[in-house]
Amino acid sequence: MCGRFTHLFKWKELVRLVKLVYPAAGEAPKLPERFNVAPTQTAPVVTMHADGRHGELLTWGLVPFWSKDRTIAYKTINARSETAATSPAFREAFKKRRCIVPVSGFYEWHKLDAKTKQPWYITPADEGGVFAFAGLWESWKGEGMDAPLRTFTILTTTPNELMEPLHNRMPVILEPEDHDRWLTEGGSDLLKPFSADRMAARKVSTYVNKPANTGPECIAPAA
């Protein structure tokens with residue numbers, strides 16, 4: 001699964017890396033670095049529109065359009081790629097509302113024993129690179145709300161050789177040449193493990209365990 005991640009880039013960098021038409025490079029607002037993005041918080045997401053790819057802030061934890069309230073979001077931060085097309089919570093979004101979730105890295109917790117888990121930070125092997133997670137988004141408007149809440153989930157798949165010792169799932173990571181196809185057509189062949197030799201992992205401090213801890217100490221190597 002994927003339960004926390006980082007984004008250490010600017011909107012201007014995303015315009016280039018993910019080919020955004022909005023925001024335009026010269027109009028991009030500030031995007032603060034975040035070292036510990038947690039469920040129910042907002043994060044940059046790439047969605048497809050008639051004029052091309054837009055970057056916008058959505059809330060992590062997909063709330064289906066039919067949901068009575070938003071509490072389901074805690075259970076829908078991830079969607080299994082094998083069942084998302086048929087799951088009641090995700091199937092409409094899988095058909096019509098796909099997105100890309102750009103991240104600088106993500107965390108996974110390796111279970112050492114019944115009481116202890118070691119956090120790891122996983123990044124692109126190329127320093128400063130960005131992972132493009134396959135995601136789904138949804139719009140939900142609860143009773144009394146003035147504007148709809150736009151939410152997203154991250155698709156997961158079976159682990160590659162790097163991730164298998166850490167967890168039995170990993171995010172679906174898209175190749176740049178597959179971004180358009182995912183956003184416009186989907187394709188089950190894209191929902192597969194990413195190449196392990198293009199990823200790097202290191203142990204980090206348990207400081208990251210608390211969502212309230214948001215500084216660069218989260219990604220510092222463990223002592």
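Thr 47 is tucked away: with 1% relative accessibility, Thr 47 counts as buried (buried means under 20% relative accessible area, exposed over 50%, partly exposed in between, using a 1.4 Å probe and protein chains only). Keep in mind that this is a predicted model, where local features need pLDDT of at least 70, side-chain atom pairs count only at pLDDT 80 or more, and totals for chains, interfaces and linings use all residues. Residues are numbered from 1 along each chain as its sequence is written, and side-chain values use heavy atoms, with hydrogens and water left out.

**Around Thr 47**

- You'll find Thr 47 in strand β4, residues 42–49 (strands are DSSP runs of E, at least two residues, and are numbered from the N terminus).
- Its side chain makes polar contacts with the side chains of His 49, at 3.0 Å, and Glu 56, at 2.4 Å (a polar contact is a pair of N or O atoms within 3.5 Å; within protein, one must be able to donate a hydrogen and the other to accept it, and residues adjacent in sequence count only if both atoms are side-chain atoms).
- Leaving aside neighbours within four places in sequence, Thr 47 touches residues including Gly 52, Cys 99 and Trp 137 (contact means heavy atoms within 4.5 Å).

**The cysteines**

- A disulfide is a covalent bond between the sulfur atoms of two cysteines.
- Here the count is zero disulfides, going by a cut-off of 2.5 Å between a pair of cysteine sulfur atoms.
- Cys 218 is in no disulfide either, as the nearest cysteine sulfur, that of Cys 2, is 14 Å away.
- Cys 2 is buried, at 0% relative accessible area, and Cys 218 is buried with 0% relative accessibility.

How values were computed. Helices (H or I, at least four residues) and strands (E, at least two) are DSSP runs, numbered from the N terminus.
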